[in-house]
Amino acid sequence: MISQFLKFALVGVLNTLISEGVYVLLIFFRVHYLPAGFIGFSLSVVNAYFWSSRYVFREEGEDGKPTGWKVFGKTYLAYFWGYLVNAGLLVFWIDILDICRWMKPLEARFLSLGWKRFDARFLGSALAAGINLLITVPMNFVINKYWAYKKK
């Protein structure tokens, strides 16, 4: 299981780069954080399914080929729970706790360098997404291992 978790973590790094990269890019261009998160999530699920079914969990049908749409649907649902937790936490960090206000000193530093897009809203939204990874990554592993790719 440790080897499998490490493989999942490696795939997760790529997933995170896709999901968070798209998210940060979109919020940089002033897309609201919730749609930005959903777009990044959607793209990363395709990546997660591809690599998880071939490298991490090696899900195959009776003919030795990947099982396809059923496992993809389960993978999507598994990650969707993580997305819902992530979205709820983003609302908590950004709208309720107002993490962006804590970024004001950092915003001032970036403004002094002429980096206007690195405002408190952008920095707080990016930080919130990073914090959420500590919760959603282990959760996604457990859901994928014991449900989406569960051996019969």
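Going from the N terminus, the elements of this protein run α-α-α-α-α. That is five helices and zero strands, where helices are DSSP runs of H or I with at least four residues, strands are runs of E with at least two, and both are numbered from the N terminus. What you see is a predicted model, in which local features need pLDDT of at least 70, side-chain atom pairs count only at pLDDT 80 or more, and totals for chains, interfaces and linings use all residues. Residues are numbered from 1 along each chain as its sequence is written, and side-chain values use heavy atoms, with hydrogens and water left out.

Now the overall picture. The C-alpha atoms fill a box of roughly 60 × 25 × 25 Å along the principal axes. The protein has 152 residues, and 38% of them count as buried; buried means under 20% relative accessible area, exposed means over 50%, and partly exposed is in between, with a 1.4 Å probe and protein chains only. Take the contacts between residues at least 6 apart in sequence: 76% of these join residues at least 24 apart. A contact here means heavy atoms within 4.5 Å.

Is E20 buried or exposed? E20 is buried, and it has no salt bridge, meaning a side-chain nitrogen of Lys or Arg within 4 Å of a carboxyl oxygen of Asp or Glu. The nearest side chain of opposite charge is R121, 14 Å away. Leaving aside residues up to four places away in sequence, E20 touches A129, G130 and L133.

On to the surface. L10, V13, L14, L17, F50, W51 and Y55 form a nonpolar patch with about 650 Å² of accessible area together. Accessible areas come from the Shrake-Rupley method with a 1.4 Å probe, and for residues only the protein chains shown count as cover. Patch residues have over 30% relative accessible area and no salt bridge; nonpolar side chains (Val, Leu, Ile, Met, Phe, Trp, Tyr) are joined within 5 Å, and like charges within 9 Å. Helix 1 and helix 2, residues 33-56, each supply at least two residues of the patch. Helix 1 gives the most, with four.

W51 lies in helix 2 and is partly exposed, because its relative accessible area is 36%. F57 sits in the loop between helix 2 and helix 3, residues 69-96. F57 counts as buried because its relative accessible area is 5%. How far apart are the C-alpha atoms of F57 and F118? They are separated by 39 Å, and the two residues are 61 apart along the chain.

Methods:
Lys, Arg positive; Asp, Glu negative; His and termini not counted.
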